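Dear colleague,

Here is the structure I promised to hand over. Please have it open while you read; my notes follow below.

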Amino acid sequence: MRAVVISLGLAVPVAGCVEAQPDAAPFRPDYRGIDTQLLDGDLVNFQVAMTGARTGEDVSDYAECAAAQYALIRGYGFARHVRTNVDQQGGLWRGDAVYTISSALPRGLRTIDAEVVVAHCAENGIPTV
């Protein structure tokens with residue numbers, strides 16, 4: 001029993017000597033703007049651009065924030081994601097997203113409550129329309 005206690009006691013200092021991994025670069029997005037185009041009735045296209053994105057998900061989040069705010073501006077409370085295409089060249093990320101907006105919760109799996117999303121965007125410093 002004593003040998004186990006000693007070996008455990010020796011393992012603790014060794015574990016403490018492991019060097020910490022360097023943190024990833026801090027997230028410093030630069031949001032470059034949103035262009036909005038009403039396609040047909042409740043179908044809206046959002047073109048967004050940014051630098052400093054970690055992945056395409058950051059670009060998609062930016063487009064979702066634009067869609068949520070746009071829905072509220074137009075007097076609607078909900079949106080449904082149709083599609084988002086993301087492209088990156090030379091550090092500039094672009095997103096091309098399409099959403100439908102509606103006053104009632106739309107059918108589908110990728111729906112958003114515009115007020116909740118806009119509040120989340122504000123908390124995370126993501127600009128909206």
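**Overall layout**

The chain holds three helices and five strands. Bear in mind that this is a predicted model. The chain has 129 residues, and 30% of them count as buried. Take the contacts with a separation of 6 or more: residues 24 or more positions apart account for 65% of them. The exposed surface comes to about 8,400 Å², with carbon and sulfur atoms supplying 53% of it.

**The sheet**

The five strands make an open sheet. Their order is β1-β2-β4-β3-β5, and the pairing is antiparallel. The edges are β1 (30-40) and β5 (111-113). Each has a single partner strand, so one side of each lacks a neighbour in the sheet. From one strand to the next, the twist averages 30 degrees.

Helix α3 packs on this sheet and touches β3 (78-89) and β5. The direction of α3 makes about 75 degrees with that of β5.

Now the pairings of β2. Strands β1 and β2 run antiparallel and are joined by nine bridges. Thr36 has Phe46 in β2 as its bridge partner. The hairpin of β1 and β2 has two residues between the strands. In that hairpin, Gly41 takes a positive phi near 60 degrees.

Strand β2 (residues 43-51) also pairs with β4 (residues 92-102). That pairing is antiparallel too, over nine bridges. Within it, Ala49 stands opposite Arg94 in β4.

How enclosed is β2 by the rest of the structure? Largely so, because seven of its nine residues are buried.

**Pro29 and Thr51**

Pro29 lies in the loop between α1 (2-16) and β1. With a relative accessibility of 26%, Pro29 counts as partly exposed. Leaving aside neighbours within four places in sequence, Pro29 is in contact with Met50, Thr51 and Gly52. Gly125 is 96 residues from Pro29 in sequence, yet their C-alpha atoms are 9.5 Å apart in space.

Thr51 belongs to strand β2. Its relative accessibility is 17%, so Thr51 counts as buried; the cut-off is under 20%. Opposite Thr51 in β2 stands Asp30. Again leaving aside neighbours within four places in sequence, Thr51 is in contact with Arg28, Pro29, Asp30, Arg32, Gly91 and Leu92.

**Helix α2**

The length of α2 checks out. At 1.5 Å a residue, its 18 residues should span 26 Å. The end C-alpha atoms are 26 Å apart, which agrees.

**The disulfide**

How many disulfides does a search of the whole structure find? One. Cys65 and Cys121 form it, with their sulfur atoms 1.8 Å apart. The link of Cys65 and Cys121 is left-handed, at -90 degrees about the S-S bond.

Which parts does the pair tie together? Cys65 lies in helix α2 (residues 56-73) and Cys121 in helix α3 (residues 114-123), so the link joins parts that are 56 residues apart in sequence. Both ends are covered. Cys65 is buried, with a relative accessible area of 2%. Cys121 is buried as well, at 1%.

**Where to look**

Start with the link of Cys65 and Cys121. Finish at Thr51, with Asp30 standing opposite and Pro29 among its contacts.

Best regards

Terms used:
Residues are numbered from 1 along each chain as its sequence is written. This is a predicted model: local features need pLDDT of at least 70, side-chain atom pairs count only at pLDDT 80 or more; totals for chains, interfaces and linings use all residues. Side-chain values use heavy atoms; hydrogens and water are left out. A disulfide is a pair of cysteine sulfur atoms within 2.5 Å. Helices (H or I, at least four residues) and strands (E, at least two) are DSSP runs, numbered from the N terminus. Buried means under 20% relative accessible area, exposed over 50%, partly exposed in between (1.4 Å probe, protein chains only). Two strands pair if DSSP finds at least two bridges between them. Axes are lines fitted to C-alpha atoms, for helices over the stretch in contact, and angles run from 0 to 180 degrees between N-to-C directions. Contact means heavy atoms within 4.5 Å. The expected span of a helix is 1.5 Å times one less than its number of residues. Accessible areas come from the Shrake-Rupley method with a 1.4 Å probe; for residues, only the protein chains shown count as cover.
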